[in-house]
Amino acid sequence: MKKIVVLMAFVLCSINSTIAQEWLTSYTLAKKLALVKNKMMLVIWEDAANYSYPLLVDTKEGSQIVVELFESDKIKQLVWEYFVPVIINESNYDKLYHGGVKNRKASYIERFNDDKLKVMDPNGNILNLSERDDFSMTNMSLLIQKYALDTSFLSNEMKQYFEHKNYASAFRLANRYLDFAMYAEDFVKEELIALSDLYMDEATDLLKLSDIEHKDALLQKQELLKIEGFLIIGKFKKARRFLKKHETESIDDLNQSLFSFLNYVTFRGLDDMDQAIKWRDSLSQSDLNKVELLLKK
């Protein structure tokens, strides 16, 4: 993923003085625009947008200044440069909540309900779940640095899911998010993996309702791919703990290669080469290249 560099300065001064574009008020339009522009959305509830929303912005001198999100034309231009900004009408709440949010973790629902800025992907799923301090002022410079992602890497899978939400499109997007996280900066990997898990859980629900063949093997594959998420963020002990739940004999033939890969990376990460070498012969060159990327060795 191309690293997004945001000078820790008051970048507003470099933006021209043209009339600032206002935030969108159509959530549907915002999602379509984010999909086309390969950007994340910056989202806030209508009620929160009716009040003062101060932000911190870093200056080129190394200090910080406070600006108003909805009153500064330069801030509006900055927001549009990196995100697709949208104010969600409160009348949409029930539809969005019952459309999938209500079945998610309590921490996700809490984040969905709060009045702080949310970074969402083009399907409306929240990325910045770690930012939940209602008493701290948002630093716009840091928010851009961390979350203004170029999602072109995900564009094909994102479009397929956007147009046809089913098991296949949800699974492919979940898997693609894992790859995206692998190349991402360390400070956003965990949140990208959380998005992958969200789509993987959705794929599981859709698979259970489908008549697709080899359902048990596919469900097993999804469990194994979640373990890959632990490896991407260097949690090798946790990965090993979850791998122990799967006996080698219980692994479907369709998943043997993935199982070998997970074990090899895990033992390499734990510096147990005696165990790792037992799995190496089952790996392709592509797998081995991915191993080195994960281990950064």
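Helices (H or I, at least four residues) and strands (E, at least two) are taken as DSSP runs and numbered from the N terminus. The model is predicted: local features need pLDDT of at least 70, side-chain atom pairs count only at pLDDT 80 or more, and totals for chains, interfaces and linings use all residues. Residues are numbered from 1 along each chain as its sequence is written, and side-chain values use heavy atoms, with hydrogens and water left out.

Q160 sits in helix α7, residues 155–163. Its relative accessible area is 37%, so Q160 is partly exposed. Buried here means under 20% relative accessible area, exposed means over 50%, and partly exposed lies in between (1.4 Å probe, protein chains only). Leaving aside residues up to four places away in sequence, Q160 touches K165, S169 and R172. Contact means heavy atoms within 4.5 Å. L293 is 133 residues from Q160 along the chain, and their C-alpha atoms are separated by 28 Å.

Helix α3 is mostly covered, with seven of its ten residues buried. These are I75, K76, Q77, L78, V79, W80 and Y82. The buried residues of α3 pack against helices α1 and α6. They also pack against strands β1 (41–45), β2 (54–58), β3 (64–68) and β4 (84–88).

The structure holds 13 salt bridges. A salt bridge is a side-chain nitrogen of Lys or Arg within 4 Å of a carboxyl oxygen of Asp or Glu. One of them joins K76 and D73, with the closest N and O atoms 4.0 Å apart. Both residues belong to helix α3 (residues 73–82); they are three residues apart and therefore separated by about one helical turn. An α-helix has 3.6 residues a turn, so residues three or four places apart point the same way. K76 is buried, at 6% relative accessibility. D73 is partly exposed, at 39%.

K146 and E191 form another salt bridge, at 3.4 Å from N to O. This pair links distant parts of the chain: K146 lies in helix α6 (residues 140–147) and E191 in helix α9 (residues 186–208), 45 residues apart. Both K146 and E191 are buried.

D179 and K290 also form a salt bridge, their closest N and O atoms being 3.9 Å apart. D179 lies in helix α8 (residues 167–183) and K290 in helix α14 (residues 285–295), so the pair ties together parts that are 111 residues apart in sequence. D179 counts as buried at 19% relative accessibility, whereas K290 counts as partly exposed at 21%. Elsewhere, salt bridges that share partners join E22, D73 and K76 into one network.

The largest pocket has a volume of about 1,400 Å³. Of its 42 lining residues, the closest to its centre are G100, R104, Y108, N125 and L198. Elements that give two or more residues to this lining are α1 (27–37), α4 (93–98), α5 (106–113), α7, α9 and α10 (215–232). Helix α9 provides the largest share, ten residues. The lining divides into 15 nonpolar, twelve polar and 15 charged residues. Ala, Val, Leu, Ile, Met, Phe, Trp, Tyr, Cys and Pro count as nonpolar, Asp, Glu, Lys and Arg as charged, and the others, Gly among them, as polar. A pocket is an open set of points on a 1 Å grid over the protein atoms alone, where a 1.4 Å probe fits, with protein on both sides within 12 Å along at least five of seven lines; lining residues have an atom within 4 Å of a point. Grid points are joined across faces, edges and corners, and a volume is the space filled by probe spheres set on the points.
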